[in-house]
Amino acid sequence: MLVSMKEIITKAYEGHYCVMAPNFNNESEARAAVEVAEEMNCPIILDFVYGCHPDIIELGRIATKIAEDATVPVCVNQDHGGCLAHNMAAIRAGFTGIMVDRSTLPLEENIKQVREVAEICHSLGIGVEGELGHVGANDETIEDQSLFTDPLQAKRYVEETGVDQLAISIGTAHGTYKIAPHLRFDVLEAIRDTVNVPLVLHGSSGTGDDQLRKCCELGINKMNVYTDLLTASIKAAQGFDFEKDSMLEFYKIFLGGYKTRLKEFIEFSGSKGKAWTKENTEGISNKKIVFTQDEFKQSM
């Protein structure tokens, strides 16, 4: 069941639980994530970063079809859309959630650009995520206080951009940690008490389940994850005998690791059993735009 990210995240916000948002780079990973969601009877958000697939139009068509056929609510969401062209590509590919990531820009320009894209997305029934503070890579100094989200700025940002949810920085980073980070739960609580929209955590992998569980309890409603899923896949496939067994068996084992780890995230997120039926969904706008590849190239 393909739905807007806003519907998924609003229900999580009102129900005080967190929805997992695994990244996917191919059809197999998208299907694996949805299969887990169906088994756990929970909503799920499929995250995709522009540039990770040579044909975003075709991948968008595949992912949205998988979502439409699913028995649970699924959003196909653009993760870290860093410019207008990338955001528009995802809209044209049929995504039902867009992250307008301008977090590296000065506050005023961040607000301006996010507000402009949010107006477009909302006219099409597409949910919008913004980011304030900067969740960088692990080669950055994650203890740098300037990277954390300021609660007072967050209030202004939400009010002036109109975003449906806010990605915040409390000490996580993308990629693999050498040492697990110590999250700033005080910053999370201050932001939660200041703004009235769902909150999102990026860079969850390697943070530790106990810290992530606490984030869910304190108000994170969407949690992005990918590195941990790939690491689990690699571990599951270690020792595979390529001479003895078939590649089909390898893929089954590899994706089995991905699915097992994702189930663990869903267990502590509070989203297990929180799926709803098609009769109780708001659906997505009938203005949804899906371009062919040729149309997309002509429009850019």
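In which helix is Ile-8 found?

Mentor: Ile-8 is in helix H1, which covers residues 5-15; helices here are DSSP runs of H or I with at least four residues, strands are runs of E with at least two, and both are numbered from the N terminus. Before going further, note that this is a predicted model, in which local features need pLDDT of at least 70 and side-chain atom pairs count only at pLDDT 80 or more, while totals for chains, interfaces and linings use all residues. Residues are numbered from 1 along each chain as its sequence is written, and side-chain values use heavy atoms, with hydrogens and water left out.

Ile-8 counts as buried because its relative accessibility is 0% (buried means under 20% relative accessible area, exposed over 50%, and partly exposed in between, with a 1.4 Å probe and protein chains only). Setting aside residues up to four places away in sequence, Ile-8 touches Val-3, Val-19, Pro-43, Ile-44, Ile-45, Pro-73, Val-74, Cys-75 and Trp-276, where a contact means heavy atoms within 4.5 Å. Asn-221 is 213 residues from Ile-8 along the chain, yet their C-alpha atoms are separated by 9.5 Å.

The chain as a whole gives the setting. The protein chain has eleven helices and eight strands. Of its 300 residues, 52% are buried. Among contacts with a separation of 6 or more, 75% are between residues 24 or more positions apart.

Just after H8 comes Gly-219, with a positive phi of about 130°.

Beyond its neighbours within four places in sequence, Arg-192 is in contact with Leu-199, Leu-218 and Gly-219. Arg-192 and Lys-155 are 37 residues apart in sequence, and their C-alpha atoms are 9.9 Å apart in space. Arg-192 is partly exposed, at a relative accessible area of 32%.

Arg-192 also brings in charge pairing. Side chains of opposite charge can pair when their charged atoms come close. Arg-192 and Asp-193 meet through their side chains in a salt bridge, at 3.0 Å from N to O; the rule asks for a side-chain nitrogen of Lys or Arg within 4 Å of a carboxyl oxygen of Asp or Glu. Asp-193 counts as exposed, at 58% relative accessibility. Elsewhere, salt bridges that share partners join Asp-209, Asp-228, Arg-261 and Glu-264 into one network.

By this rule there are 19 salt bridges. One of them pairs the side chains of Glu-108 and Arg-156, at 2.7 Å from N to O. Glu-108 lies in helix H5 (residues 107-123) and Arg-156 in helix H6 (residues 151-161), so this pair ties together parts 48 residues apart in sequence. Arg-156 is partly exposed, with a relative accessible area of 28%.

Lys-112 and Glu-116 form another salt bridge, with the closest N and O atoms 3.1 Å apart. Because they are four residues apart in helix H5, Lys-112 and Glu-116 are separated by about one helical turn. An α-helix has 3.6 residues a turn, so residues three or four places apart point the same way. Lys-112 is partly exposed, at 36% relative accessible area, and Glu-116 is partly exposed as well, at 41%.

Finally, the surface. Patches take residues with over 30% relative accessible area and no salt bridge, joining like charges within 9 Å and nonpolar side chains (Val, Leu, Ile, Met, Phe, Trp, Tyr) within 5 Å. Lys and Arg count as positive and Asp and Glu as negative, while His and the chain ends are not counted; a charge is placed at NZ of Lys, CZ of Arg, CG of Asp or CD of Glu. A patch of negative charge gathers Asp-241, Glu-243, Asp-245 and Glu-249. Glu-243 sits in the loop between helix H9 (227-237) and helix H10 (247-269), and is exposed, with a relative accessible area of 80%. A nonpolar patch is formed by Phe-242, Met-247 and Tyr-251, with about 330 Å² of accessible area together. Met-247 is in helix H10 and is partly exposed, at a relative accessible area of 39%.

Methods. Accessible areas come from the Shrake-Rupley method with a 1.4 Å probe; for residues, only the protein chains shown count as cover.
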